[in-house]
Amino acid sequence: MNASRNVLGGPLLACSYSPLTGFFRTGCCETGPDDLGRHTICVRVDQAFLAFSQAAGNDLSTPRPEFRFAGLKPGDRWCLCALRWKEALEAGVAPPVVLEATHESALGVVDLETLKAHAYSAAAGPRA
């Protein structure tokens, strides 16, 4: 049983099983000592963010079969590094955050009010 908590203080919900995300590839934005990037913010990626990430040297769109990674497309959910989300915020292209699936440790990088201002509800619909 996962005892991790989300930024709202509740149980950490899964971010995505398809594509399978998370540092540990559990579908959840869990973290631990080996996760130096702190993949703790569950986002719903959009084209603006994917372009920003590629320009910053992290191409998340291109399939990498050697890593069993199909590439992300707009609408996919993904556990993003907290600092990368903050960079995207400062660049004006922060993707929406699924608060219920964002690990509480993200609050060490981004405050709750900022995350809430960019929230995407987990109950808002299917993972397009």
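Me: Why is the disulfide of Cys15 and Cys42 assigned a hand, and which one?

Reply: The hand is read from the torsion about the S-S bond: for Cys15 and Cys42 this is about 85°, so the disulfide is right-handed. The pair joins distant parts of the chain, with Cys15 in the segment before strand S1 (39-44) and Cys42 in strand S1, 27 residues apart. This is a predicted model, and the sulfur atoms of Cys15 and Cys42 are placed 2.1 Å apart.

Me: How many disulfides does a search of the whole structure find?

Reply: The search finds two disulfides. Cys29 and Cys79 form a disulfide, also with sulfur atoms 2.1 Å apart. Its torsion about the S-S bond is -95°, and the link is left-handed. Here Cys29 lies in the segment before S1 and Cys79 in strand S2 (residues 77-81), 50 residues apart. Counting bonded cysteines along the chain, the pattern is 1-3, 2-4.

Me: Are the cysteines Cys15 and Cys42 buried or exposed?

Reply: Buried means under 20% relative accessible area. Cys15 has 0% and counts as buried, and Cys42 is buried at 0%. Cys29 is buried at 0%, Cys79 at 2% and Cys28 at 8%.

Me: What pattern does the protein chain follow along the sequence?

Reply: The order is β-α-β-α-α, with three helices and two strands.

Notes: Residues numbered from 1 in each chain as written. Predicted model: local features only at pLDDT ≥ 70, side-chain atom pairs only at ≥ 80, totals over all residues. Heavy atoms only, no water. Helix = DSSP H or I, 4+ residues; strand = E, 2+ residues; numbered from the N terminus. Disulfide = S-S within 2.5 Å. Buried < 20%, exposed > 50% of the residue type's maximum accessible area, 1.4 Å probe, protein only.
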